[in-house]
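Q: Hi! Could you walk me through this model in plain words?

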Amino acid sequence: MSKYNTLWEYVQKTEKESFQLTFEEIQKIAGIPIDHSFLKYKKELAEYGWQVGKISMKEQTVFFQRKKMIRLVRPTEAWEEQAAAFKQEFFDHGEAVINGSELLDQTNDYRAWCRSIDANTKEETVHPDWVITDTFFAVDDQRRIVGIIDLRHTLNDFLKDLGNCGYSVRPSERRKGFATEMLRQLLDVARKAGMKELHLSVEKNNEPSVKTIIQNGGVYERSFEFNGEEADIYRIVL
């Protein structure tokens with residue numbers, strides 16, 4: 001655990017897009033005085049969806065700003081080449097399953113997949129064995145797909161232990177705060193859809209994902225076993 005974890009958690013819970021703290025305020029929050037090691041530890045804040053801006057030794061202040069590093073976009077045919085590279089990176093790293101991808105990992109026909117996920121966004125065309133679902137690519141400021149995430153508006157018997165949301169970040173872009181920001185933005189989508197809460201499942205040993213969920217307000221609800229692995233359900237109230 002980092003000695004600045006308390007500070008990072010304080011920053012992550014802030015609803016502002018940016019703000020400033022004095023060295024004295026940081027000491028009160030973190031329980032320790034800020035020193036030169038802060039320059040090394042500050043990169044940890046990226047995992048919380050924030051970054052350290054200007055540090056003023058003269059004014060004894062630190063500026064924090066939310067990382068507006070990605071946006072959620074609906075998959076279209078225009079993303080076909082990018083999506084292929086995104087999917088292949090998982091396979092190249094020995095990962096056959098891409099969580100939250102609505103079976104992108106199992107299809108060789110990207111355009112048919114686009115039509116399928118589009119149909120699943122509407123009550124009149126959703127697959128009879130599925131639920132209304134929104135699927136998004138997470139795209140960075142270079143228009144590169146860094147992740148994928150879905151939102152299942154309801155839970156059927158099959159989904160009751162899988163939850164309302166699944167997500168994945170491509171291997172080369174992990175531990176940069178993308179998952180935390182993806183889920184944060186998806187919560188806004190859920191609110192606008194009139195949802196009151198989300199349930200998310202995660203393997204007990206998947207510490208980065210557990211951290212992502214908790215940072216977005218997730219509270220442990222129950223445990224279950226899936227494919228021989230222990231997993232937990234977390235609840236996020238919107």
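A: Happy to. One term to begin with: buried means under 20% relative accessible area, exposed over 50%, and partly exposed in between (1.4 Å probe, protein chains only). This is a predicted model, where local features need pLDDT of at least 70 and side-chain atom pairs count only at pLDDT 80 or more, while totals for chains, interfaces and linings use all residues. Residues are numbered from 1 along each chain as its sequence is written, and side-chain values use heavy atoms, with hydrogens and water left out.

Q: Thanks! Which residues of helix H5 are buried?
A: In H5, residues 110-119, they are Tyr110, Trp113, Cys114 and Ile117. They cover an arc of only 105° around the axis, so they sit on the same side of H5. That arc is taken from the directions from the helix axis to the C-beta atoms.

Q: And what do the buried residues of H5 pack against?
A: Helix H4 (80-92), strand S5 (133-140) and strand S6 (145-152). Contact here means heavy atoms within 4.5 Å. Helices (H or I, at least four residues) and strands (E, at least two) are DSSP runs, numbered from the N terminus.

Q: What about H1, which residues are buried there?
A: In H1, residues 5-12, the buried ones are Asn5, Leu7, Trp8, Val11 and Gln12. Seen down the axis of H1, they fall within an arc of 160°, so they line one face of the helix.

Q: Let's switch to the loop between H4 and H5. Is Thr107 buried or exposed?
A: Thr107, which lies in that loop, is buried, at 17% relative accessible area. Leaving aside neighbours within four places in sequence, Thr107 is in contact with Lys87 and Trp113. Trp113 is also one of the buried residues of H5.

Q: And Asn108, buried or exposed?
A: Asn108 is in the loop between H4 and H5 too, but it counts as exposed, with 83% relative accessibility.

Q: How far apart in space are Asn108 and Phe23?
A: They are 54 Å apart, C-alpha to C-alpha, and 85 residues apart in sequence.

Q: OK, backbone now. What is phi of Leu103?
A: It is near 75°, a positive value in a residue other than glycine. Leu103 is in the loop between H4 and H5 and is exposed, with a relative accessible area of 52%.

Q: Where is Gln60?
A: Gln60 is in the loop between strand S2 (50-56) and strand S3 (61-66). Gln60 has a positive phi of about 60° although it is not a glycine, and at 38% relative accessibility it counts as partly exposed.

Q: Zooming out, how many helices and strands does the protein chain have?
A: Seven helices and 10 strands. The radius of gyration is 19 Å, close to the 18 Å that the globule rule gives for 238 residues, so the chain is as compact as a globular protein of that length. That radius is taken over C-alpha atoms, and the rule is 2.2 Å times the number of residues to the power 0.38. The C-alpha atoms fill a box of roughly 60 × 40 × 35 Å along the principal axes.

Q: How many of the 238 residues are buried?
A: Buried residues make up 46% of them. Among contacts with a separation of 6 or more, 61% are between residues 24 or more positions apart.
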